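Subject: Structure handover, aromatic contacts

Hello,

Here is the structure you will be working with. My notes on its aromatic rings follow below.

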Amino acid sequence: MKLNIAVLPGDGIGPEVTNQAVKVLKAIASEFDHNFTFKNADVGAIAIDKHNNPLPDETLDLCKSSDAILFGSIGHPKYDNDPSAKVRPEQGLLKLRKELGLFANIRPVKAYDTLLNKSPLKRDIIKGTDISIYRELTGGIYFGKKQLSDDGNVASDLCEYSRYEIERIAHLAFEAAQNRNNKVTLVDKANVLESSRLWRKVVKDVAKNYKDVTLDFLFVDNAAMQMILNPKQFDVILTENMFGDIISDEASVIGGSIGLLASASIGEKYALFEPIHGSFPQATGKGIANPIASILSAAMLLEHFDLFNEAQFIKIAVEKSLKLHISTPDINSKYDTITTSKVGDFIEDFINNPEDSNMNFTNIHLGQSTII
Ligand code: IPM
Ligand code: MN
C-alpha cells in the first residue's frame with residue numbers, strides 16, 4: 001500500500017517520540033512491502049517561534065494532501081504560565097482538529113500483564129482492563145463562544161452540542177462495541193447540564209439501531225470514581241470533549257504510565273494519530289520520554305487502513321519490549337539507562353528480525369552497561 005504520511009512532531013518530547021514511530025513504520029513498510037512516505041511540518045510553540053502561527057497554512061495544506069497524520073505533542077511552559085498570551089500552541093492542535101473535521105478521538109486503555117505492578121492501583125482491580133474511550137473532539141466547551149468582560153473580571157466558555165454532532169460519534173461507539181464486548185457507557189452530567197441531557201436523549205435514540213449492545217449511563221463524577229474502583233466494568237466509554245480529556249488521563253494510571261496511551265482522531269475525510277500525553281517539557285532532549293504511545297499511535301494508523309497484521313506485529317513487538325524491560329524509566333525499575341531511541345531501536349529490530357530480538361536485547365543492554 002502507498003501512504004503519504006504527514007509528520008507533525010510539535011514541541012517538547014514530540015520530536016523524540018515521533019522519530020521512533022516513524023522508524024517503526026519504515027520497518028513495517030520494508031517488511032511488508034509497502035510504500036510509506038513521510039513529510040514533516042511545524043505545529044505548536046515551535047511554529048509560533050518560526051512562523052508566528054501555531055498552525056501555519058503550509059502545515060494544514062500538507063495534512064490535507066496526505067493520507068494520514070502522525071502527530072507528536074504540543075505545549076510550552078512559557079504559554080502555560082502566561083494566561084494573557086493571545087497566541088497559544090494548543091490553538092494549533094484545536095484548529096487542526098476542527099479544520100480536518102476530526103470529530104472522534106479513540107483512546108484505548110489497557111492493563112498490560114507485565115506492567116500491573118507499575119500502577120499505583122491494586123493489581124486485582126486493574127488486571128484484564130480493556131477500555132475504548134470515544135471522546136467527541138470538535139465540539140463542546142472547547143469550541144464554544146469564549147468571552148471575557150471588558151474589565152477582565154468575568155469570563156465564560158459556552159458548551160454547545162447539536163444532535164448531529166452527538167449522533168455521528170455515537171454510531172462509531174456502538175459499532176466499536178459490537179466488535180468488542182457489546183457495552184457502551186455514556187459519561188455525562190445530565191443531572192446538571194442541558195447539553196448532557198441532549199446527549200442522553202440522542203444516544204438512547206441511536207442505541208435503538210444496536211439491539212445487541214447494552215447502553216448505560218454514568219455521571220462524570222461517578223465515572224471518575226468507577227474508573228479507579230472497578231475499571232473492568234467498562235467496555236466502550238462514549239463522552240463529550242472535555243469529560244473525555246479528563247477521564248482518559250485518569251484512565252492512563254491503569255496502564256502504569258501516560259506514556260503508553262495512543263489515540264486516533266477520525267473524521268469523514270482525514271485521520272490523525274497522536275499520543276494522549278503532552279509535550280513533557282522537563283524531559284525534552286533527555287531521552288527519557290516513553291515512545292510507546294507514539295508507536296502504538298502508528299499501529300492505530302495502520303489499522304485505519306485495514307493493515308491489521310502490520311499493526312498486530314507492532315503490538316507484539318511492544319509487548320516483547322515491555323516483557324524484556326526495554327523500557328524508559330517511567331516504567332522501568334530494572335534498567336535505568338534505556339533511552340527513548342533504544343526502545344525504538346528494539347522495536348524496529350524486532351520487526352525486521354523477530355527471532356533475534358532476545359540477542360539484540362542482550363547487545364543493547366551490554367552496550368549500555370559497558371559503554372556508560
Ligand atoms: C489532549 C490534550 C489537548 C486537549 C490539549 C493539548 C489541547 O490534552 O489531546 O488530550 O485538551 O484535547
Ligand atoms: Mn488531554
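Rings of Phe, Tyr and Trp (its six-membered ring) count as a pair if their centres lie within 6.5 Å. Please keep in mind that this is a predicted model. By that rule there are five aromatic pairs.

One of them joins F313 and F350. The ring centres are 6.1 Å apart and the planes meet at 65 degrees, so this pair is edge-to-face; the cut-off for that label is an angle over 60 degrees. The two residues come from distant parts of the chain, 37 residues apart: F313 belongs to helix α12 (residues 308–323) and F350 to helix α13 (residues 340–352). Both F313 and F350 are buried.

F350 also pairs with F346. Here the centres are 6.3 Å apart with 35 degrees between the planes, and the pair is tilted. F346 and F350 lie four residues apart in helix α13, so about one helical turn separates them.

How buried are these two? F346 has 0% relative accessibility and therefore counts as buried. F350, at 6% relative accessibility, counts as buried too, since the limit is under 20%.

Taken together, ring pairs link F313, F346 and F350 with F32 into a cluster.

One further contact involves a charge and a ring. The charged end of K98 sits over the ring of F143, at 4.8 Å from the ring centre.

Regards

Definitions and conventions. Residues numbered from 1 in each chain as written. Chains lettered and ligands numbered in written order. Predicted model: local features only at pLDDT ≥ 70, side-chain atom pairs only at ≥ 80, totals over all residues. Heavy atoms only, no water. Phe/Tyr/Trp six-rings, centres within 6.5 Å; stacked < 30°, edge-to-face > 60°. Buried < 20%, exposed > 50% of the residue type's maximum accessible area, 1.4 Å probe, protein only. Lys NZ or Arg CZ within 6 Å of the ring centre and 35° of its normal.
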